[in-house]
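Me: Hi! Could you walk me through this structure with me? I'd like to begin with the charged pairs.

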Amino acid sequence: MVNFTTREIKDIIISMLVIAAVFSYVFSNKQVNIAISLLPASIIGVGVGFVFHEIAHKFMAIKYGFWAEYKLWVGGILLALITAYFGFVFAAPGAVYIHGAYISREENGKIALAGPATNILLALSFMFIASFSTGILSGIATLGYAVNSFIAFFNLLPFSVLDGAKVIRWNPIIWLLAILIALAITFKSIFTL
């Protein structure tokens with residue numbers, strides 16, 4: 001059974017709002033008035049991708065019988081705010097912490113893959129919506145597509161704390177397929193924007 005503590009819900013909401021705000025600020029070319037108007041679209045396109053990414057880790061960990069809880073990381077929030085000030089976003093506002101007696105390499109790899117796989121599915125869903133919509137809905141969907149494809153690709157990089165390192169240790173072929181898909185949709189999104 002999946003439970004969310006009050007603290008966890010608060011941490012997720014704060015993290016989502018900060019992520020959406022820093023992306024709005026960067027996408028607005030650091031113009032606060034425009035950033036404020038972009039915030040609702042950013043919450044949908046960016047915030048939803050962040051929340052679903054983290055919840056996918058949690059659900060997969062619970063599926064394997066582990067305890068899992070999202071916790072905000074103040075240093076990561078500050079890093080997101082500082083990098084946004086300089087015109088780019090590096091966001092690590094928190095993570096799902098997983099505890100269990102023994103987490104196998106396969107279980108850890110599948111738990112790690114759940115987040116980026118969710119972003120890939122969201123990116124493709126947003127791309128589909130963008131292709132059949134116009135106006136503000138098309139803009140939100142295009143933003144969601146671009147950001148979710150990038151989140152998937154970035155998280156699949158095989159560096160220590162990122163999801164990619166855990167996936168590649170479990171199964172290099174699945175990691176390669178996942179990162180190639182994420183790279184392809186990220187590359188396509190660059191030409192969509």
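Me: How many salt bridges does a search of the whole structure find?
Reply: Four salt bridges turn up in a search of the whole structure, a salt bridge being a side-chain nitrogen of Lys or Arg within 4 Å of a carboxyl oxygen of Asp or Glu. Please keep in mind that this is a predicted model, where local features need pLDDT of at least 70, side-chain atom pairs count only at pLDDT 80 or more, and totals for chains, interfaces and linings use all residues. Residues are numbered from 1 along each chain as its sequence is written, and side-chain values use heavy atoms, with hydrogens and water left out.

Me: Which residue does Lys 58 meet in a salt bridge?
Reply: The partner of Lys 58 is Glu 8, at 2.9 Å from N to O. This pair links distant parts of the chain, with Lys 58 in helix H2 and Glu 8 in helix H1, 50 residues apart. Helices here are DSSP runs of H or I with at least four residues, strands are runs of E with at least two, and both are numbered from the N terminus.

Me: Is Lys 58 buried or exposed?
Reply: Lys 58 is buried, because its relative accessible area is 2%. Glu 8 counts as buried too, at 1% relative accessibility. The cut-offs are under 20% relative accessible area for buried, over 50% for exposed, and partly exposed in between, with a 1.4 Å probe and protein chains only.

Me: And what does Glu 106 pair with?
Reply: Glu 106 forms a salt bridge with Lys 110, and their closest N and O atoms are 2.6 Å apart. Both lie in helix H4 (residues 105-131), four residues apart, about one turn of the helix. Glu 106 is partly exposed at 39%, and Lys 110 is partly exposed at 26%.

Me: Which residues are linked in a network of salt bridges?
Reply: Arg 7, Lys 10 and Asp 11 are. Within it, the closest N and O atoms of Lys 10 and Asp 11 are 4.0 Å apart.

Me: Switching topic: which residues touch the most other members of the largest nonpolar core?
Reply: Those are Val 22, Phe 23, Val 46, Phe 50 and Val 147, in a core of 25 residues. A nonpolar core is a set of buried Ala, Val, Leu, Ile, Met, Phe, Trp, Tyr and Cys residues joined through side-chain atoms within 4.5 Å. H1 gives the most to this core, with seven residues.

Me: What is Phe 23 in contact with?
Reply: Leaving aside neighbours within four places in sequence, Phe 23 is in contact with Ser 42, Val 46, Val 89 and Val 147. Contact means heavy atoms within 4.5 Å.

Me: How about His 53, buried or exposed?
Reply: His 53 is buried, with a relative accessible area of 4%, and lies in helix H2. Not counting residues up to four places away in sequence, His 53 touches residues including Gly 115, Asn 119, Ile 151 and Asp 163.

Me: Where is Lys 63, and is it buried or exposed?
Reply: Lys 63 is in helix H2 and counts as exposed, at 62% relative accessibility.

Me: Last one, the overall fold: how many helices and strands are there in the protein chain?
Reply: The protein chain has seven helices and two strands. From the N terminus on, the elements run α-α-β-α-β-α-α-α-α. Buried residues make up 46% of the 193 residues.
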